[in-house]
Amino acid sequence: MATPATRVFRRLEGLFSVYKPPGVHWKLVRDTVETNLLKGVNSEPSLPSPQHFKFLAESSGAKNTCNELTISVSRVPVLAKHPLVCGPEFQHIKVAVGHRLDAFSSGVLVLGVGSGNKALNELYKSRVTRDYTLEGEFGTATDNFCHTGRVWERSTYDHITQDKLESVLAMLQGANQKAMLMYSNVDMQSQEAYEMAVQGTLGPDGKSGPILTGLRCIRFQPPHFTLEIQCFNETQKYLCKLVHEIGLELRSTAVCKGVRRIRDGPFTLQGALIRHQWTASDVELAIKPHQNLTKKHRSHSQYQSRGMSWMGI
């Protein structure tokens, strides 16, 4: 019979997302979630300790007479199985991390517990895209492309207009569209390419460099601007460098003041758990939608495999 702690752990198996604040390393986020889940699971009441029979010898009789030996039977707990002796039921809970975020960046960080470790691999094999918002500022260049770096150069930006910025973004997006088609290894004239484009699964096949599938400006208040980006195989350092290169294309300079991931595949900011929600009860609620989605995906896959075997494929 499964213990209450084991039943709680089984309900925690799956994928969920948390909001990583800026300035915090992803390892600290993962370790905090692991500790909170471990406390939540082990706080469940344990099963009663098993008991065994113990025979006790007792002597009875008056003085100057022969003592008679009597045996009494009693039930005592098995101390070797007592929680105070063997410790908590769960000593460690492994939490896997999906696409990582560096300390400078913030936003959606996908984590997996138990069977969620395998689900993470399946998720990223499906070539999901990620969305970011980038905060930029014209007029400065630094050694690490971020506003925290050492300033290398300052320049003017009065000549930059939103139309010029949109033109540079369109040029970059067009170049990346060609790169995505080259790395997808799919004939663009085929039915397969059409179906993948409709389903949104068209992307690079295997390893490739960073590829932007969408790029637009959502705020322009010089010297400040905000970009929204959809991409594959990116790193946060690449995104910061992208802001720097946009400044150069506009005959100026620019630094990145913030990187925020707003979507990672099916996980968005709306469903990401903030710091005070990194508890076992909140994680269990956040995992339920993924568990239902996984069950539907498995049943659909089994139905397809049965249909193919019936057709002799």
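Student: Which strand is Asp264 found in?
Tutor: Asp264 sits in strand β11, residues 254-264; strands are DSSP runs of E, at least two residues, and helices runs of H or I, at least four, both numbered from the N terminus. Mind that this is a predicted model, where local features need pLDDT of at least 70, side-chain atom pairs count only at pLDDT 80 or more, and totals for chains, interfaces and linings use all residues. Residues are numbered from 1 along each chain as its sequence is written, and side-chain values use heavy atoms, with hydrogens and water left out.

Student: Why does Asp264 count as buried?
Tutor: Buried means under 20% relative accessible area (exposed is over 50%, partly exposed in between; 1.4 Å probe, protein chains only). Asp264 has 0%, so it counts as buried.

Student: What is Asp264 in contact with, neighbours within four places in sequence aside?
Tutor: Contact means heavy atoms within 4.5 Å. On that basis the list is His99, Val108, Val110, Tyr124, Val128, Thr129 and Arg130.

Student: And Ser17, why is that called buried?
Tutor: Its relative accessible area is 3%, so Ser17 is buried. Ser17 lies in strand β1, residues 14-20, and beyond its neighbours within four places in sequence, its contacts include Val108, Val110 and Phe267.

Student: How do you know that the span of helix α7 agrees with what it should be?
Tutor: The expected span is 1.5 Å times one less than the number of residues. For the 14 residues of α7 (236-249) that should give 20 Å, and the end C-alpha atoms are 20 Å apart, so the two agree.

Student: What do the buried residues of α7 pack against?
Tutor: Among their partners are β6 (130-138), α5 (162-184) and β11.
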